[in-house]
Amino acid sequence: MLRHEFHPGKLVAGLSLLAVAVVYAGDAGGIWETPWFVALPMVMVGLLIAGVVAAVHGIRPRSSGRSGARRPPD
């Protein structure tokens with residue numbers, strides 16, 4: 001039983017921001033060189049993809065068994 005509803009858009013947004021953090025952590029650690037202007041396009045594309053995922057998740061039809069709404073007693 002899930003304790004809360006799954007939000008895939010938030011998952012994608014978090015993973016994209018984590019990817020930006022990993023890129024700059026690699027730059028700070030000296031593993032590779034990252035230009036200063038890379039973060040903005042990475043964040044914007046990640047948020048765009050997260051928005052598309054959230055919209056698709058919100059549009060798709062849901063089964064009546066998972067809606068959480070109770071049926072009226074017979």
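1. Helix H1 (residues 8–28) packs against helix H2 (residues 39–59) at an angle of about 165°, and their axes lie 7 Å apart. That makes H1 roughly antiparallel to H2 (the label for angles over 145 degrees). Axes here are lines fitted to C-alpha atoms over the stretch in contact, with angles running from 0 to 180 degrees between N-to-C directions. Helices are DSSP runs of H or I with at least four residues, numbered from the N terminus.

2. A quick word on provenance: this is a predicted model, in which local features need pLDDT of at least 70 and side-chain atom pairs count only at pLDDT 80 or more, while totals for chains, interfaces and linings use all residues. Residues are numbered from 1 along each chain as its sequence is written, and side-chain values use heavy atoms, leaving out hydrogens and water.

3. Serine 16, in helix H1, is worth a look. With 14% relative accessibility it counts as buried (under 20% relative accessible area, 1.4 Å probe, protein chains only). Leaving aside residues up to four places away in sequence, serine 16 touches Gly46 and Leu47.

4. Leucine 48 lies in helix H2 and is exposed, at 58% relative accessible area (the cut-off is over 50%). Its C-alpha atom is 9.8 Å from that of valine 12, 36 residues away along the chain.

Conventions: Helix = DSSP H or I, 4+ residues; strand = E, 2+ residues; numbered from the N terminus. Parallel < 35°, antiparallel > 145°, perpendicular 65-115°, else oblique. Contact = heavy atoms within 4.5 Å.
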